[in-house]
Structures are given as structure tokens and as C-alpha cells.
Amino acid sequence: MKKIWVYLMLIAICTMFLSPHSSLARVNHRDENEGKVILVIMDRIGWKDIHQAHTPNLDKLMEMGAVGLMTTNTGGSLSQSNAYLTLGTGARVTGATGSQTAFFYSHRYQGEEIENLMYQIAGVRMAEGSIANPSIAKLYRENAKRPYTVIIGALGTALRDGGVKVAVLGNCDNYKRREDDGEGKNFLVSMMMDDRGIVPMGDISHSLIAEDPYWPMGIRTDYDKMLEAFKDLDGKAQIIAMQLGDTSRAEDFRHQSMDSRIGHHKRRALEEGDRFIGKLLEHFDVHRDYMMVLTPVGPAEEIGNNNRLTPIIVAGKGIKGDWLTSGSTHREGIVTNLDVGVSILNYFEISPLQGQSGAPIYSVVNGKGRDEILTFNNKLVEIYNQRPFLIKSYVYTIIPILALAALFLLFKRKYLKWIRPMLLFIMNIPFVYLILPILHQPTLFSTAVIAATMTVLLTASMCRLFKSTIDRIMIISGITVVALILDQWLGMRLIQSSPLGYDVIAGARFYGMGNEYMGVLVGAICCAGAAINERFSKQEKLIKAFMLVIGLVVLYTMVSPNLAANVGGTIALFVAISSTALLIRGKRVRVGSLMAIGAVLVFMLTAAFLLDSIRAVDIQSHMGKTTNAIRQNGLSELLKIFYRKISMNIRLFRTTQWTRVFLTSLGVIVLLLYRPVGIFRDVFRRHEILIKGLTGATIGAIAALLFNDSGIVSAATAMIFVAPPFVLMIMDEVEKKVMDGVWQDGIRFKTSGS
């Protein structure tokens, strides 16, 4: 039987590395009768700007297509140079000095004609009419040491290999350049170029700029000439990307302009761009073509308020709905900047290159439009701005309460009655923070007051309704587990907006269960399970069956690509539950036991990865995408993932405040194991099952620390359901001995066996 399981696991693992299905093969030819992609860049604007301006043509485009919010995270700072390069690379990267430069064929740069210089740099011969970025080599070197595959110009390269002709139009220069001037602002070239730094055709010259003394810097985009250039390229290029530079120039001019004029310049630039889009719509077939209007970087004012989400509008073939989403986010209204390139390739039925992350953008029908997306944007910013204070205040509540509990146990026992509700208070906060979005408030003060009030009321109710510590521990940990699982099954509405959930603007996770609540679940399920076993020990068979069902549901929830989709969490949870079960049954956690747990875990995860990888790309979780990446790139992809996770864990261990929670929890537990002398032995005798559950939770916390990229966070939140229950049981035993008069010398106690 054992051999059969071994063979099954080997077959499953080997399947991960087989060649992907033929549907993933790259297309190398194009049907000339197919439609085109029109990509319009209106930089440095937000949904608020669009809402305040008169934009009838954008409104029309929204009615034809769908709207969304796009994340703008890069491999470094949120600059235009980094943002455009990230869009074209399909991975988070950074630009280099001069990476916005680009020149026409036959233009002289640094004393050389650009075609000769590019041959010297990249060994490529430019075709007449093409455009080159001479910083291509510097960009490769700048991003060479990243812990993931990076192909600078991946979008342009995939389009070139797929037989798709690319053209770019416009620039966001801040002055009227002469023919012999040097560097301008041609960020769009760095987005659309191939891996040699070349865009096949287009016009980025100063001829598309008109002098106008009433516009910022005395210049504006000449939309008549831009339209002529577009018409000339229509039919020659299958994708035409255009930089409408006026919004960018209006933003650059904000430091020189009066506050009252900043909005005026931005609004006028937006409305002129809208008129141009109206003319583009005359050349747009909604059933055949594909149009995307987006903002790579938002306005400075919005960024200063921590709003790094920008507008994106998509219409055309395959888009019929209200809000946009993607397989990267699985969240209505949210896409990532890495999804843009993949979506363009998907339109042409071209597979992304190695290292191109993201997933195709698609639309959903939800009856919501532009007004609702602005409200949604504002809510996400409010959550982002409130989150740091709510987390820090929680962290700096846990640490002193645990420290005071230990000190009072040793030296000031008369204060223990005050510290007991405080320990219950910190155990209740994860549940309160989970349901807090139901009463979402726009201001931090209101949110903090509501959170504190809810936690105090819940704690007071627990103390009044349940007299025994074991009942209180069981109820608190139990309702936390139930709430987390129900939320996952009912669409994750709460965790997505919870202070302990994940953050859309930061962009680390968009769906499933994040590391904070994953750790909470690991600790709470072991704590609740052990407490239930101890509390209802007389119904042993019924409780075992009940706990088996609950354990399977929780594990399925964590591993399912449609639900929590947390691989590290699955490992930690499986290890924690298995260890707790073994300990409660009177078994020791030996090397053999760990190997058996590991074998079952490998089989379960392999099955989950494989099943997810054969689903449609737009609904795959990161499990399926990882599997396909391993198939394409081999085991080196796994090594990069491990390196990235280890690097993140090391960095977070040094910087996050959760490290203090984890170390404080461990320190208090270790101290109380030995002081007061003999007390732990008596607690273990009285609450053996619960102690074993807390031990299993601690083992799970260590597994979370080792197998997650933010492991220290998960380990710390798991300890919320280990350290406080442990201290509460010690307190019970201390108070019992004091009441029984078993006091000896101020610190030491007579044990029941002495």
C-alpha cells in the first residue's frame, strides 16, 4: 500500500514539469484582417479628476466597455520611469538614468547616428522609421539581480515574435525640442520596445507638440497632427500606443502654478484628451478592436494621500460588463499593472514570455459604474490609511499586557483580576477586526472607537456569560475560526477590508486568506479543538468525528484555489492540526511522524497545484500560475520562489513589529514554564489536552515561520491563541493555590505531590 502512495506522488510531481498544453504555444503568425489595439495613456490623473471634468467621450467608452482601478507598484519608487518599464516588462522593475530617452532612425545622439549606436549597444540593425532606446543595456543591468525572471521589453518582444507590428505616438516633453536636442520624455517607448530596445514605427517627435502661451510650459499636444499620424499608421500597425502628454505636463507644472490653477490645467488637459478620444472612436470597431485607456502613475496629490490606484478603461472585443477584474486579483474593480501587457497579448492570442506575470483582464456585470468606482477607490484609501494605526495599536497592546501578566504572576498577584479581562481582550480583537468592515467609517478616530467599544463589549459579555476559563477560551477561538471560514466561503467580503486582512494598494495579495489571519486560524483551530476535546471529554467519539469534519473543512478552505489559496498556510495548518491530533492521542511527534505528515502534505499540495493549473488562465490562482511557470522554466523557477520567500522573511524579521509579539509570547511562555516553580506541572495535570493543543499550535506557528514569505507575521498572530490562553491557565492555578492556602515563600508553591 505504501508503494502505491509513493508511485502516485511521483507521478503527480513529475506531471508538474511536463510541457504545457498545446494551447499555451506561442502564435507566430497574424491574420491581417483581424482587429487592432488602441492604447491611450493619460498620465497623472485619478478617477476624481475624470469625475470633475466634462468627458462625454470617455463616458461613451465606459458605456461600451468597463472600468476599474489599476495598481501601480514597481520594483522601486513610484516614478514614471519605473511605472512604464514595469508595464512593458510584466514584472516589477526599475528604470535607470536616461531610461526615458528614445530617438528616431537617423537621429544623432552622443555624436553618433542612433542606428550605429544601437548596433554598437545591442548588435541590432534598425529599420528605417523605427525608434530606439539607447538605455536598454543599462536597464538590463539595473534589474539583473532580482529574485525573479526579468526580460526588459517582454511585451514588445512577444508581439514582435507573434508577428504583431507596434507603433508609438506622442511624448510628454516639457519644452518644444529642436531637431538637434537630446533627451526628451518618451516613457511610452520603454513600455512598448522589445528586448533590443526597438519599437518598429511611430512618431515621438516635437512635431506633435504645438506652442501655446496659455498652456503649462507654453506647449500642448497638437491633436490634429496626432490624429493624422494615427490615421497614417492605422492599417500598418496592429497596436498603436499613444501618449497624450498634456495631463503629464499639467502635473509637472504644479510646483510653479497657483493652487487655483492646478485643477484648471489638469481639467482642460483631460477635456482636450477626451475630444481626441472621441475622434479615435470613429476608427474603433467595438466588436473587433480593443481599446485601453490607462494611467501608469497617478497625480502627486493622490499619491501623497496614499492613493496609488489609477483609472483604467477597457472596451472592445471580449469586454462586456461594468467593472474590470483579472485572474491576478479575483476582485471586482481591481487589476494590476502587470495585467496590461498580458491582456494585450491575450487579444492577439500570444502567450506571455517567461517572467511576464499578470493575467488577462476581463469584465464583470455588477450594475456599477464610474461613480461607484470612485467611492470604492476612496474606501480602499481609507482602509489603507487606517490600517497601520490599528495594527500598531494592537501590537503595542499585546506586548505590555503579556509582560504585565508575567510580572503580576510573579510579584503582584493581587492585580491578576485586572489582567484576566485584558488577556481575553487581545484574543477577541482578531474577530472584531474581521467584522469591523460591516461598520466601516471614513475616519480613523471613528473606526478606532468602534473597534475598541466592540472588543470591550464582547469581552465583558464573555466574562459575564461564561465563568470558566476553558469555556471562554473555547468560545473566543471557536467563533474566530467559524467567522474566518464562513467569510472565505461567502466571498471574502470581510477579510478584504479588515485591518488584519490584505492590502490592495500595497498589492501583495488580493484574494484568499492573508498571512495575518492565516496565523490566527492556525492558532485558533488548535486552541478551539483542544478546548472542545477537554470540555466535552465524556462524548469522546462524537467529538472526534466533529473535529475530523471541522479539520477537513478548514484544510480544504486553506488549500482550495477558489478560497483561501494559501500554500504556506496549508503547510502550517496541516502540521498544526496533525501535531495536535497526535499529541491528544498520546503519541509523540517523532521524525517518522513528521515524514508521514510531510508525505501526505506533498501529495495534497501537488494535487491542488495540478488541478489549478489545468483551469482557464483567467481564473487560476497563483498555484496554477506557479505550476505552469515550473513547466516552462524548470526547477529553477522553484529555486527563485524559495529565494524570494527566504529573503522576504529575513527582511521582515528585522523590520516588522510582529517580531516583538512573537518573541514576547515565546519569552512569557518559557518564563512561566519554570516560574513559579512547579506551577506548570500542576497546570498540565489539570489541562493536559488544552496544553497539547497549544503545543500543536506552537508547532504550526514555527511551520508558518519557515514556509511563508511573511512567516514571522503568521507565527506572531498564531501565538495570540497560544500565549494568552497559557497565561490564563497559569493564573487559574495560582489563584486556586492562593485560595487553598498553599503558599510557601512568596514565589515557590507546594505542588499537589509535595
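Reader: Which residues are buried in helix 27?

Author: This is a predicted model. In helix 27, the buried residues are Gly711, Ile712, Val713, Ser714, Ala715, Ala716, Thr717 and Ala718.

Reader: What makes helix 27 largely enclosed by the rest of the structure?

Author: Count its residues. Helix 27 covers residues 711-718, and eight of the eight are buried, so the rest of the structure largely encloses it.

Reader: How many helices and strands are there in the protein chain, and what share of its residues is buried?

Author: The protein chain has 28 helices and 17 strands. Of its 754 residues, 57% are buried.

Reader: Why is serine 477 called buried?

Author: Buried means under 20% relative accessible area. Serine 477 has 0% relative accessibility, so it counts as buried. This serine is found in helix 17.

Reader: Which residues is serine 477 in contact with, leaving aside neighbours within four places in sequence?

Author: Serine 477 is in contact with Ala524, Cys527, Ala528 and Phe721. Take alanine 524. It is 47 residues from serine 477 in sequence, but 4.8 Å from it in space, C-alpha to C-alpha.

Reader: What share of contacts in the protein chain joins residues at least 24 apart?

Author: Start with contacts between residues at least 6 apart in sequence. Among these, 76% join residues at least 24 apart.

Reader: Which residues meet where helix 17 and helix 19 touch?

Author: Helix 17 brings Val481, Ile485, Gln488 and Trp489. Helix 19 brings Val553, Val554, Tyr556 and Thr557. The residues of this contact divide into six nonpolar, two polar and no charged.

Reader: What makes helix 19 roughly antiparallel to helix 20?

Author: The angle again. The axes of helix 19 and helix 20 (residues 567-584) cross at roughly 165° and come within 9 Å. Over 145 degrees counts as roughly antiparallel, so the label applies to helix 19 and helix 20. This crossing is left-handed.

Reader: Which residues of helix 19 and helix 20 meet?

Author: From helix 19 come Gly551, Val554, Leu555, Met558 and Val559. From helix 20 come Gly569, Thr570, Leu573, Phe574 and Ile577. The residues of this contact divide into seven nonpolar, three polar and no charged.

Reader: How many aromatic pairs does a search of the whole structure find?

Author: The search finds 11. One of them joins tyrosine 394 and tyrosine 433.

Reader: Why is the pair of tyrosine 394 and tyrosine 433 called edge-to-face?

Author: Check two values. Ring centres must lie within 6.5 Å to pair, and planes over 60 degrees apart count as edge-to-face. The rings of tyrosine 394 and tyrosine 433 have centres 6.0 Å apart and planes at 70°, so the pair is edge-to-face.

Reader: What parts does this pair tie together?

Author: Tyrosine 394 lies in helix 14 (residues 370-410), and tyrosine 433 in helix 15 (residues 416-435). The pair therefore ties together parts 39 residues apart in sequence.

Reader: Are tyrosine 394 and tyrosine 433 buried or exposed?

Author: The cut-off for buried is under 20%. Tyrosine 394 has a relative accessible area of 1%, so it is buried. Tyrosine 433 has 5%, so it is buried.

Reader: Which residues form one aromatic cluster?

Author: Tyr290, Tyr347 and Phe348 form it.

Reader: Why does methionine 217 count as partly exposed?

Author: Partly exposed lies between buried, under 20%, and exposed, over 50%. Methionine 217 is at 27%, so it counts as partly exposed. It sits in the loop between strand 10 (209-211) and strand 11 (219-221).

Note on methods
Residues numbered from 1 in each chain as written. Predicted model: local features only at pLDDT ≥ 70, side-chain atom pairs only at ≥ 80, totals over all residues. Heavy atoms only, no water. Contact = heavy atoms within 4.5 Å. Helix = DSSP H or I, 4+ residues; strand = E, 2+ residues; numbered from the N terminus. Nonpolar A, V, L, I, M, F, W, Y, C, P; charged D, E, K, R; others polar. Buried < 20%, exposed > 50% of the residue type's maximum accessible area, 1.4 Å probe, protein only. Phe/Tyr/Trp six-rings, centres within 6.5 Å; stacked < 30°, edge-to-face > 60°. Axes fitted to C-alpha atoms, helices over the stretch in contact; angles between N-to-C directions. Parallel < 35°, antiparallel > 145°, perpendicular 65-115°, else oblique. Left-handed = near helix turned anticlockwise from the far one by under 90°.
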